Amino acid sequence: MKDIATNRSKENDLKIHEQVLALEIEATRRYQEQHDIVKDPEIHTLLEGLHRNEVDHEKIIRGHILRLIGSGSDKIGDK
């Protein structure tokens with residue numbers, strides 16, 4: 001019974017991570033799109049930093065997903 005509860009919890013966690021990943025991917029796309037349009041150098045620089053943060057978030061979330069599906073990876077930052 002405990003295994004069923006654990007699997008259900010993992011499935012729920014995986015669904016949440018997949019939703020969060022989709023949001024991060026969309027944010028990355030939007031920041032890149034805005035970066036390509038904006039001409040103000042200060043805002044341009046700000047958008048570059050925000051874009052980098054989102055890319056880092058994507059990597060972290062992908063690492064969590066790999067770990068949840070049993071890749072054996074325990075080093076999130078290496079993805």
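Helix α2 buries L47, G49, H51, E54, E58, I61, G63 and I65. The model is a predicted one, and its chain holds 2 helices and 0 strands. Of the 79 residues, 22% count as buried. Among contacts with a separation of 6 or more, 52% join residues 24 or more positions apart.

**Helix α2 and its ends**

- Helix α2 covers residues 41-68, and its 28 residues should span 40 Å at 1.5 Å a residue; the end C-alpha atoms lie 41 Å apart, which agrees with that expectation.
- The N-terminal end of α2 is capped by D40, which places a side-chain oxygen 2.8 Å from the backbone nitrogen of E42.
- After α2 comes G70, with a positive phi near 90°.

**E24 in helix α1**

- E24 belongs to helix α1, and this residue is buried without forming a salt bridge.
- The nearest side chain of opposite charge to E24 is that of R30, at a distance of 8.6 Å; a salt bridge would require a side-chain nitrogen of Lys or Arg within 4 Å of a carboxyl oxygen.
- The side chain of E24 does make a polar contact, at 3.3 Å, with the side chain of H57.
- Apart from residues up to four places away in sequence, E24 touches E54, H57, E58 and I61; E54, E58 and I61 are among the buried residues of α2.

**H57 in helix α2**

- H57, the polar partner of E24, is located in helix α2.
- With a relative accessible area of 33%, H57 is partly exposed, whereas E24 is buried.
- H57 and T28 are 29 residues apart along the chain, and their C-alpha atoms are separated by 9.6 Å.

**H35 in helix α1**

- H35 lies in helix α1, which comprises residues 2-37.
- The relative accessibility of H35 is 14%, so the residue counts as buried, the limit being under 20%.

**Surface of the chain**

- The accessible surface of the chain amounts to about 6,000 Å².
- Carbon and sulfur atoms contribute 55% of that accessible surface.

Key: Residues numbered from 1 in each chain as written. Predicted model: local features only at pLDDT ≥ 70, side-chain atom pairs only at ≥ 80, totals over all residues. Heavy atoms only, no water. Helix = DSSP H or I, 4+ residues; strand = E, 2+ residues; numbered from the N terminus. Buried < 20%, exposed > 50% of the residue type's maximum accessible area, 1.4 Å probe, protein only. Lys, Arg positive; Asp, Glu negative; His and termini not counted. Polar contact = N/O pair within 3.5 Å; in protein donor to acceptor, adjacent residues only side chain to side chain. Contact = heavy atoms within 4.5 Å. Expected span 1.5 Å × (residues − 1). Areas by Shrake-Rupley, 256 points an atom, 1.4 Å probe, with all protein chains shown as cover.
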